[in-house]
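Here is a friendly briefing on the ligand site, the pockets and the cavity of one model. Please have your viewer open as you read.

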Amino acid sequence: MRKKTLSLVALTGVTALGLAACGGGDATEDGTAGGGAAGGATMRLALNQTEEHPSYIALDNFGERLSEATEGRWDIDVFPNETLGAQQEALQLVSDGTVDMAIVSGTQLENLDDDFLVFNLPKVFDDVEHQMSVIHDEEIVGDLYTSLEESENLTVLGGFTQGARSVYTTFGPVQSPDDLAGKKLRVQESDLHIAMAEAMGASATPMAFGELYTGLQSGVVDAAENNEVSYWTQKHYEVAPDWSYTNHLVGLDYLIINSDLLAEMSEEDRAIFDEEWTATYEEHTELWDAATQDAIEQATAGGATFHEVEGGAFDEALSALADEFISTESQQALYDAARAAAE
Ligand code: GCU
């Protein structure tokens, strides 16, 4: 596997929030994490979604159940809307212990260890059920999820689905790669997703999630791709009203935690934590379909139109990406294990 190390990012905004010394440790009087060994803490969790999003709802419930089951020793405070920084910053902050946990897209982890790239490929997962069975199968992901502990002090705990992602545009629906020619399609910060946008006919513009509404509104980009839930909760439909069902990818978010903090949990509390986290991603998966239906209805009422795309017009270009990007044995092994689980 190829690894890169996190470079320092500007922490100015975060220091201004007074969070610099809040990573793992004893619960302090105000209940937040302090320094030293942890008998417990209120863990700060960075999220880039709104409070209506299933990820916020499931994580907030996680904190409540965790606190109850550990008699208040451990709790989670979820900070939505990128208040602790966009995902790239959040990753750095969890690594250095300034923030305890974060939800980050798979694309962010691909930049640290290219084994993670495999699960960011279009077509690697057939659907949400398949994806969830792969990414919580210890035999497949055990080594992957601990692979960043030594270098980055980060442990991956598992994930939430991002559902199927499709393209939405400011300029009318798309039916084939030709319709995206000369158009700027916002992608997450990932070499793979830049290539994906190009394979779909567009020119790629990597950008943080929180900048996208303005990006679409101002014409910095002409299109983006996501799931219906984010399309609605971020109000992107207001500025990019045509949704075209390219269904090019089942996306994946990971829950990451500072490894030192995790190691400080007593065995008993760690067992409770793991059990409640399992209940959390199961709740998230259960909420997902209804949230998607609701998002479609709300966005439609707000002026969006959802268009079907005929006959797999984007599929051929996308299926070439696996061959192009899988370059190591460990990547191939993950890919094969994921595909075998679909059969
Ligand atoms: C989804 C995903 C986020 C990600 C976002 C994006 O909403 O859940 O984790 O940041 O897509 O496109 O950036």
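## Ligand site and open spaces

Around the ligand lie Asn 48, Gln 49, Gln 87, Ser 105, Gln 162, Arg 165, Arg 186, Gln 188, Phe 209, Asn 226, Ser 230 and Asp 253, where a residue belongs to this shell if one of its heavy atoms lies within 4 Å of the ligand. Please keep in mind that the model is predicted, with local features needing pLDDT of at least 70, side-chain atom pairs counting only at pLDDT 80 or more, and totals for chains, interfaces and linings using all residues. Residues are numbered from 1 along each chain as its sequence is written, and side-chain values use heavy atoms, with hydrogens and water left out.

**The ligand and its contacts**

- The shell around the ligand holds 1 nonpolar, 8 polar and 3 charged residues; here Ala, Val, Leu, Ile, Met, Phe, Trp, Tyr, Cys and Pro count as nonpolar, Asp, Glu, Lys and Arg as charged, and the others, Gly among them, as polar.
- Arg 186 has a polar side-chain atom 2.7 Å from an oxygen atom of the ligand, and a polar side-chain atom of Ser 230 is also 2.7 Å from a ligand oxygen.
- For Asn 226, an N or O atom in the side chain is 3.0 Å from an oxygen atom of the ligand.
- The protein buries 98% of the 320 Å² that the ligand exposes when taken alone (areas by the Shrake-Rupley method with a 1.4 Å probe).

**The pocket that holds the ligand**

- The ligand sits in the second largest pocket, meaning that more than half of its atoms lie within 2 Å of the pocket's grid points.
- A pocket is found on a 1 Å grid over the protein atoms alone, as an open set of points with protein on both sides within 12 Å along at least five of seven lines; lining residues have an atom within 4 Å of a point.
- This second largest pocket has about 270 Å³ of space, a volume being the space filled by probe spheres set on the points.
- Its lining has 25 residues, and Asn 48, Gln 87, Arg 186, Gln 188 and Phe 209 lie nearest its centre.
- α3 (87–96) and β4 are the elements that give two or more residues to this lining; helices (H or I, at least four residues) and strands (E, at least two) are DSSP runs, numbered from the N terminus.
- By class, the lining of the second largest pocket divides into 4 nonpolar, 14 polar and 7 charged residues.

**The largest pocket**

- About 360 Å³ of space lies in the largest pocket. Among its 19 lining residues, Glu 138, Tyr 145, Val 156, Leu 157 and Arg 270 are the closest to its centre.
- At least two lining residues come from each of α6 (138–146), β4 and α12 (267–301).
- This lining consists of 8 nonpolar, 6 polar and 5 charged residues.

**The cavity**

- There is 1 cavity of 30 Å³ or more, a cavity being a set of points where a 1.4 Å probe fits but cannot get out.
- The volume of the largest cavity is about 50 Å³, and its lining includes Ser 105, Phe 119, Gln 162, Arg 165, Gln 188 and His 193.
- β8 contributes the most to this lining, with 3 residues.
- The lining of the largest cavity has 3 nonpolar, 8 polar and 1 charged residues.

**Backbone points to check**

- Most residues other than glycine have a negative phi.
- Glu 82 has a positive phi of about 60 degrees and is placed in the loop between β2 (74–79) and α3.
- Asn 153, in the loop between α7 (149–152) and β4, has a positive phi near 65 degrees.

Terms used
Polar contact = N/O pair within 3.5 Å; in protein donor to acceptor, adjacent residues only side chain to side chain.
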